[in-house]
Amino acid sequence: MKPYYLKSLSAFAIAAIAAVGLSAEVWVIDGKNYEKTVVSEQEMADGVIHRMIKLSGETQLEVQLVEIDMTSGAVDFYTNKSRNVDPELKLKVSEDRLYKKTLSEQMEEVIEAGQKPIVGVNGDFFSNYGSLGNQFSNGTIVRCDISSYPVWYMTDDYRFNMGKFQFRAKAHAVYSACGNVEDQYSVRSINNYRDANHLTIFTPAPGRSTGTNKYGYELYAELIEGEVAIKGECKFRIVDNPETHVRKDSPLDDYYVLSGHGDGGLFLTGKWDGSSEPLIDPRTQKPYPYLVAGDIVDVTFTTDIPDSNIKEMIGGNPVLLLDGEVQDTDNALDHLVVNEPRTCIAYTSDNTKAFIAVVDGRRPGESEGCTSRQLAWIMKNAGAENAFNLDGGGSSCMLDARTNKVMNKPTDGFASGIYDMQRAVQNSLWVVARDGGSSGIDDIKAEGCIDGPVEYYNLQGVKVENPSSGLFIRRCGSEVTKIVL
């Protein structure tokens, strides 16, 4: 990919700490004593400290812990959904919602989105129907469904929250071609898989299509008032002609798409399962009403989420730690009671600090993994008061975006003796630099002549002769910049 220039630098120095056995103390984890040793520590960027921690007790654990100072004004969070960015491929939604990439591949998408990533972890659980929780990215809905896993989210004023929140939406239509009769139907989801009897709204997204099968019906619509959100109202104007109601793979370009199956399709077109004409309503002996170009559909959105200014959201399960209290998570998922690799996001109740962590597993005698309850205790010992479980197992991965290096030991490559193999996942959570923030290398100073040769350095200040991919320091004479290759 092309170099991504982050900002000019004024001094040539690096803020990084690396040490062995920096400290040793005892952490109590679910009633058991573990000796905690900080194996290494480094400042990854302003307000971002990474520690590699060894925990020795009933089991052995290696923890990659990143502590984020939210008061520094230098850092932010960003969620990414792995996606197809090639409009020519026109993936179906059934494929797009399953589109997966490694963290290294997703890092490129994060950079293309204008973000400056520092460190990232894998995100939500996923299945054949896509991610299990809802997602926002930079204030925009990526996915929302009335039935989903819990979520963690951050508002645009940097407040955190988590839990399971109910989403609801209702569409109301006036059918001008049928005597202005009115009807309403529940909206099941936004940008998500459309199953039997669902009515789904798809927002414009170049390079994607809805994936409608021949039994579904879709109408193009333009948004003329409000916005598609988790709270409030919006208004669509249908732009289709009646004869184009049956469609497959509606592209999502400039228009929204209202997509219905079964009763959802009946609400839109008066048709059912691929029929060419509106069905006869047995109650009235008249055709079911159908929408035509120019008709208006109002949608009302409601949710239990107390905030409307959501900037980032990602799904997971379950809540591990709430207001300093370790939660009973044994029955949340069947695999939470066994020792496995784990990933989580955590924070203090005053929102001044956040944490991301990966606990390695499946390496007997080195790092055996932990239960979800043990993970809650680990985060409590680390200083968090609230913690939320993300996908684990072979998905657990932490990536240093400065060097494009895996920081933990994901399990997928163990059989082949590979300890940095990344699993392709649907979405990810990133610590990024805010506008004006640094990535830990802002004190680098340029030396030498004005028209000197181009030189590259890694973030530890070591000269690199042939940089390939990752975040580097580029010096050309007196000009020094940070770039991502």
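Val 174 touches Asn 180, Val 181, Glu 182, Leu 291, Asp 295 and Ile 296, leaving aside residues up to four places away in sequence. Touching, or contact, means heavy atoms within 4.5 Å. Val 174 sits in strand S14, residues 167-175. Helices (H or I, at least four residues) and strands (E, at least two) are DSSP runs, numbered from the N terminus. Val 174 counts as partly exposed because its relative accessible area is 27%. The cut-offs are these: buried is under 20% relative accessible area, exposed is over 50%, and partly exposed lies in between, with a 1.4 Å probe and protein chains only. Asp 298 is 124 residues from Val 174 in sequence, yet the two are 9.0 Å apart in space, C-alpha to C-alpha.

This is a predicted model, in which local features need pLDDT of at least 70 and side-chain atom pairs count only at pLDDT 80 or more, while totals for chains, interfaces and linings use all residues. Residues are numbered from 1 along each chain as its sequence is written, and side-chain values use heavy atoms, with hydrogens and water left out.

Now the whole protein. It has four helices and 36 strands. Of its 485 residues, 54% are buried. Among contacts with a separation of 6 or more, 68% join residues 24 or more positions apart.

Gln 64 counts as buried because its relative accessibility is 4%. It touches His 50, Arg 51, Met 52, Ile 356, Ala 357, Val 358, Met 398, Met 407 and Asn 408, not counting residues up to four places away in sequence. Met 398 is 334 residues from Gln 64 in sequence but 7.8 Å away in space, C-alpha to C-alpha.

Next, the strands and their partners. Two strands pair if DSSP finds at least two bridges between them. S3 (residues 32-45) and S4 (residues 48-56) pair in the antiparallel sense over nine bridges. Glu 35 stands opposite Ser 56 in S4. The two strands form a hairpin with two residues between them, and Gly 47 in the turn has a positive phi of about 80°.

An open sheet has five strands in the order S6-S32-S7-S30-S31, with antiparallel pairing. S6 (75-81) and S31 (405-406) stand at the edges; each has a single partner strand, so one side of each has no neighbour in the sheet. Within this sheet, S7 (residues 117-122) and S30 (residues 398-400) pair over three bridges. Val 119 stands opposite Asp 400 in S30. In a regular strand, side chains alternate between the two faces of the sheet.

Turn to the second largest pocket. It holds about 360 Å³ of space. Of the 17 residues that line it, Asp 281, Arg 283, Pro 287, Tyr 288 and Pro 289 are the closest to its centre. Strand S15 (181-186), helix H3 (263-269) and strand S22 (286-287) each give two or more residues to the lining. S15 gives the most, with five. A pocket is found on a 1 Å grid over the protein atoms alone: it is an open set of points where a 1.4 Å probe fits, with protein on both sides within 12 Å along at least five of seven lines, and lining residues have an atom within 4 Å of a point. Grid points are joined across faces, edges and corners, and the volume is the space filled by probe spheres set on the points.

Some backbone details remain. Most residues other than glycine have a negative phi, and most peptide bonds are trans. Gln 285 has a positive phi of about 60° although it is not a glycine. It is found in the loop between S21 (280-281) and S22, and it counts as exposed because its relative accessibility is 58%. Arg 362, also not a glycine, has a positive phi of about 65°. Its place is the loop between S28 (353-359) and H4 (372-382). A cis peptide bond joins Asn 317 and Pro 318, with omega about 0°.
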